[in-house]
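Here is a protein to explore by question and answer. Keep the structure in view as you read.

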Amino acid sequence: MRIASLTDFLLMRIERGADDAGAQARNGAKAAGMPLNRQIYQAIREAILSQLLPSAWQLPSSRDLARELGISRNTVTYAYEQLIAEGYLETRAGSGTFIADTTPDQIPEVRLNTPPLTDPSGQSELSAHGAQLIQQAGVSDLQWGAFMPGVPDVTLFPNKIWSRLQNKHWRRSRADLLTYGEAGGYLPLREAVAEYLRIARSVNCNASQVIITTGIHQSLDIVVKLLGEHGDSAWVEDPCYWGTRSVLNSLGIKPVAIPVDAEGMRMRLANLRQPPRFICATPSHQYPLGMVMSLSRRRMLLEYAATRKVWIIEDDYDSEFRYGSRPLASLQGMDIDDRVLYMGTFSKTMFPSLRIGFMVVPESLATAFAIGVSELYRGSQVFMQAIMADFMTEGHFASHIRRMRVLYAERLHLLQAAIERHFDDRITLTGGEAGLHLALGLPPQCDDLAISRAARAVGIVARPLSRYFMNDETARQGLLLGYACVPNEQIAPAFDKLAAIVKAHWK
């Protein structure tokens with residue numbers, strides 16, 4: 001079907017609200033919420049793309065079309081000029097304005113009448129890795145409130161101090177903070193992080209070994225891309241953080257489940273006979289169960305990595321928050337063979353949307369990693385990195401951690417008391433010595449996924465523990481309960497609601 005009259009076509013496309021053509025067009029523009037010149041432009045453009053207006057077809061002059069529509073010539077001129085600029089129309093000296101030939105030169109093996117995509121979710125278009133990622137996704141649509149694990153109380157962040165530091169940098173208006181960052185990250189922040197890690201976490205490093213990233217996910221991503229090959233394997237704790245599995249799977253690395261006990265990863269002889277490329281561990285505070293890897297297991301891991309040339313990826317995600325004892329030294333601090341890559345984040349200590357993390361790599365890899373991060377992701381967040389550097393060097397970071405450690409300890413005790421009030425010793429608790437969450441164990445006959453869904457329906461987040469296991473046969477029923485972002489007075493009432501749901505599912 002072809003258009004016989006452009007004027008009639010445009011009048012039909014523009015919503016009408018009065019009798020004469022000009023009033024119709026003007027009222028149509030108002031009703032559509034779009035300027036009339038844009039409506040004319042869009043109508044002609046769509047007619048060209050749908051081949052209602054053929055190539056080389058001559059349009060009426062802007063003066064004639066404006067007169068026929070009863071509108072300003074400038075309105076039509078705008079639409080014509082925009083279409084000419086985008087290549088839909090062309091002008092020929094002395095002849096007028098014509099539809100340009102926009103047909104592709106060649107469309108090999110065109111299949112006529114190809115049916116449109118019928119899957120609105122897009123699932124059928126995903127790759128195997130993409131489908132697996134979406135199917136096993138652990139991310140929640142809620143990121144705040146009772147009992148979201150791993151989220152700090154951002155309402156108590158020292159905004160005034162941060163704002164003052166931010167304003168200081170804005171006043172200086174330095175170009176180097178607003179462009180792409182240097183390889184490895186903003187040097188003053190790398191120096192501040194190195195100093196902090198040496199003191200607080202016994203990490204052996206200098207500023208050149210510190211690589212600034214956007215967080216644990218990106219740190220793991222760059223490690224695997226620079227040190228791994230598609231088809232390699234990685235030992236992961238079972239249960240483990242869902243994000244670790246997601247990143248590994250997306251990069252073609254096969255996760256191998258290693259069960260954990262009270263001393264951390266429990267390697268069996270069958271595992272030791274098949275060395276992986278990577279070992280991913282949370283030795284200072286196992287996620288999600290909370291145990292600390294014993295000294296003997298740490299030494300075994302380091303010796304095995306050194307003799308088999310395996311890379312250990314140490315995720316030290318929330319070691320700053322220990323209650324009743326000092327934070328434990330890092331695994332990296334014990335490494336004398338340069339086989340440990342240490343990762344940390346400011347998401348738990350500052351606020352998650354800051355999106356600044358860091359990793360410490362062996363000196364022999366420092367230059368390659370700095371270049372790799374810059375090459376793949378470009379230097380980002382330089383301005384925020386500069387503020388973070390000042391926040392640390394002026395002592396605000398250490399002060400903030402001390403304040404929050406006291407507050408989180410209070411909230412932990414309130415949650416433990418609420419749990420004990422409802423269940424006495426019928427439920428086991430793990431992970432209550434550190435971090436921002438604890439794991440509440442449930443009897444095997446309970447369905448933690450069903451409980452989690454029921455809790456979500458009343459606005460409570462209770463992550464099912466079984467979803468963190470790779471092996472369904474050894475998966476345990478339970479709930480992950482975060483307390484850091486729940487105000488003190490809301491902990492008991494929120495858990496009362498959750499307890500009622502758990503009891504309803506208790507068989």
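Q: In which loop is the place of proline 288?
A: This is a predicted model. Strand E8 covers 278-281 and helix H12 covers 295-308. Proline 288 has its place in the loop between E8 and H12.

Q: Which residue does a cis peptide bond join to proline 288?
A: Most peptide bonds are trans. Here omega is about 15°, and the bond is cis. The residue joined to proline 288 is tyrosine 287.

Q: Is glutamine 51 buried or exposed?
A: Glutamine 51 lies in the loop between helix H3 (36-49) and E1. Its phi is near 65°, a positive value in a residue other than glycine. Its relative accessibility is 58%, and the cut-off for this class is over 50%. So glutamine 51 counts as exposed.

Q: What is phi of arginine 355?
A: Arginine 355 sits in the loop between strand E10 (340-345) and strand E11 (357-360). At 35% relative accessibility, it counts as partly exposed. Its phi is positive, in a residue other than glycine. The value is near 50°.

Q: Which residue in E3 stands opposite glutamate 90?
A: E2 and E3 pair in the antiparallel sense. Their hairpin has 3 residues between the strands, and glycine 94 takes a positive phi there, near 75°. Opposite glutamate 90 stands phenylalanine 98.

Q: Why do the buried residues of H4 line one face of the helix?
A: Helix H4 covers residues 62-69, where Ser62, Leu65, Ala66 and Leu69 are buried. On the other side of H4, Arg63 and Arg67 are exposed. Seen down the axis, the buried residues line one face because they fall within an arc of 100°.

Q: Which residues does threonine 7 touch, not counting residues up to four places away in sequence?
A: Threonine 7 is in helix H1 (residues 6-13). Its relative accessibility is 8%, so it counts as buried. Threonine 7 and proline 60 are 53 residues apart in sequence, yet their C-alpha atoms are 8.9 Å apart in space. The residues that threonine 7 touches are Leu65, Glu68 and Leu69.

Q: How many residues apart in sequence are the parts tied together by lysine 168 and aspartate 390?
A: Lysine 168 and aspartate 390 form a salt bridge, with the closest N and O atoms 2.6 Å apart. Both residues are buried. Lysine 168 lies in helix H7 (residues 159-172) and aspartate 390 in helix H14 (residues 382-393), so the pair ties together parts that are apart in sequence by 222 residues.

Q: Which residue forms a salt bridge with arginine 421?
A: Side chains of opposite charge can pair when their charged atoms come close. Here the closest N and O atoms are 2.8 Å apart. The pair links helix H15 (residues 396-423) with helix H17 (residues 488-505). The partner of arginine 421 is aspartate 496.

Q: How many salt bridges does a search of the whole structure find?
A: One of the pairs is aspartate 176 with arginine 174, at 2.6 Å from N to O. Asp261, Arg266 and Arg297 are linked in a network of salt bridges. The search of the whole structure finds 12.

Definitions and conventions
Residues are numbered from 1 along each chain as its sequence is written. This is a predicted model: local features need pLDDT of at least 70, side-chain atom pairs count only at pLDDT 80 or more; totals for chains, interfaces and linings use all residues. Side-chain values use heavy atoms; hydrogens and water are left out. Buried means under 20% relative accessible area, exposed over 50%, partly exposed in between (1.4 Å probe, protein chains only). Helices (H or I, at least four residues) and strands (E, at least two) are DSSP runs, numbered from the N terminus. The arc is that of the directions from the helix axis to the C-beta atoms. A salt bridge is a side-chain nitrogen of Lys or Arg within 4 Å of a carboxyl oxygen of Asp or Glu. Two strands pair if DSSP finds at least two bridges between them. Contact means heavy atoms within 4.5 Å.
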